[in-house]
Amino acid sequence: MPQGVVYNHSKLRRSVLVLIHHGIMDFKLKAPPVYFCNPDAALLRIRHPRVVVHAKELFGDDGAHLIKLLLQHGRMPLGYLIDLFIADPQGSCGGSLPESRQAAKIAQLTTLVEQIIEKHYIEYCPKAMMKPVEDGHQKLSGAEVYEKMEGTTSKRGRSATAAKKRPKLEPENDEDAWNTDKPDKSDTTKIKTEDVEEDESGNLYQKELRVNAVQFLQYARGRCCIDLVFRLVNEHAASVVESILSKPLKVSFEVPKDPASTESCIPSMPTHSQAVTMDELSGMIRSHDTQRRLPDIVDSLQNPFPQLGHTTILRSDRNGIAVNMEALITAHRNAQMEFLLSKQFGPTGRRIYKLLTAKKVLEERDIMANALAGEQEVRVSLFRMKVTEYLYVREVPTALDRNPKSTLFLWHLPPNEVVRSRLVTGMYKNLRNLYQRRQVEFKQIEQLLIRAESSWLTDDQSEKMEKWNSTQDTIALAFLSVYEAALGIEYF
């Protein structure tokens, strides 16, 4: 592996450890170990600010701050997460907490983390087996494990109680990946009892937590379904769908069996929600008006909707009532694709796309008759969509001489997955262009930024800084908007 990069072996090993720690890379225990990247986890890091917003909606300010710390620092045991929360000056504790209130706050945070784990938004990492460690003549086991401490823990905003060095736990069969220098017996810290567990064979494991970003993606899909039902039906129907979706299904990254595989690590999202009974649903709904009309609302949502391809929003079986998420997400995705095509090809291009989606195959004269635009405008749109491969044309000769005058030109769309792939590829190119634009803007004003830290700026320089800040905000907003659109098409 070092032959393919410019770093030396030490820097490469540390970089790989950081990437594995944050879930962007993984490895399989072989001889030698095989390392592979999870590009979906890397792309979802762009969505981390929105994940914190979702966490605040679900679990309040403390829950959002716990999620933020896990996203910033990567996987960690529960005890260290709570210490980091208490020591963070940006948290609700303000960086310190009196001893009289520490026990109650720790119990509150532990209960909150358990609630988040129960809803699958935080999950335990795959277990890493630890070797027994000897301290002098005494062999430690169970929860009393001592290991070498590396002085690389970030101390930003950490108090003396939370700035403890983090234990480096060594997997049993991957010394090339995780092995460090020999233990220093003078620099040891006891691992907390709740962070260690022992299996039936006496093997020792450390339990570490990480954010399940795919579960937050599933929550975002649920919010899209609720908004779509609100627009299609009414607020009472949206309240019913929201109540059913409040019982989440667990989804998480799937490690590919073949490290060389290019398949997505994000699993196939559930097509239906968790089923609930009518009595459970009645207990979940808070509005008395919605409760009173619940049977009629459920019956109406089990009727076919033309906007959803004549499918139903709710499905009932012997297990209970479930939301047909596949139909709602497909409708949302198609609306998003039509919007992006209208941005690229104008209203005429959007109408052509909708016509061919409904009719599958049409002649050029039929398209002109139904596109509500002039012949020249329709021909230009057809040509632009054909050049960019959003439309295909099939020639069907009606005579043996293949005379163009007697040949039928049938226009049709490529498969829906192809259109999605091309739209997503174009949006990721736009993201790259926005990132490069931001780098160029930064280079142009870099010297001014350095000067602003040490001296006063003139009026012209201050005006230039304000203009730069405004440009950066515009680029950041465009970046997030494009990424959200790409995410809605690719992963929804």
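Predicted model: local features only at pLDDT ≥ 70, side-chain atom pairs only at ≥ 80, totals over all residues.
How many bridges join strand 10 to strand 11? There are four, and the two strands run antiparallel. Residues are numbered from 1 along each chain as its sequence is written, and side-chain values use heavy atoms, with hydrogens and water left out.

Helices (H or I, at least four residues) and strands (E, at least two) are DSSP runs, numbered from the N terminus, and two strands pair if DSSP finds at least two bridges between them. Strand 10 and strand 11 form a hairpin with two residues between them, and Leu314 has Val323 in strand 11 as its bridge partner.

Both of those residues return when we look at Ile244, which lies in helix 8. Ile244 counts as buried because its relative accessibility is 0%, where buried means under 20% relative accessible area, exposed over 50%, and partly exposed in between, with a 1.4 Å probe and protein chains only. Leaving aside residues up to four places away in sequence, Ile244 touches Ser273, Gln274, Val276, Leu281, Leu314, Ile321, Ala322 and Val323, contact meaning heavy atoms within 4.5 Å.

Let me turn to another pair of helices. Helix 12 (residues 325-359) and helix 14 (residues 375-387) pack at an angle of about 95°, with their axes 9 Å apart; axes are lines fitted to C-alpha atoms, for helices over the stretch in contact, and angles run from 0 to 180 degrees between N-to-C directions. That makes helix 12 roughly perpendicular to helix 14, since angles under 35 degrees count as roughly parallel, over 145 as roughly antiparallel, 65 to 115 as roughly perpendicular and the rest as oblique. On the helix 12 side, the residues that meet helix 14 include Phe345 and Ile352, and on the helix 14 side they include Val378 and Leu382.

Finally, an open sheet of three strands has the order 12-14-13, with antiparallel pairing, and its edge strands are strand 12 and strand 13, each pairing on one side only.
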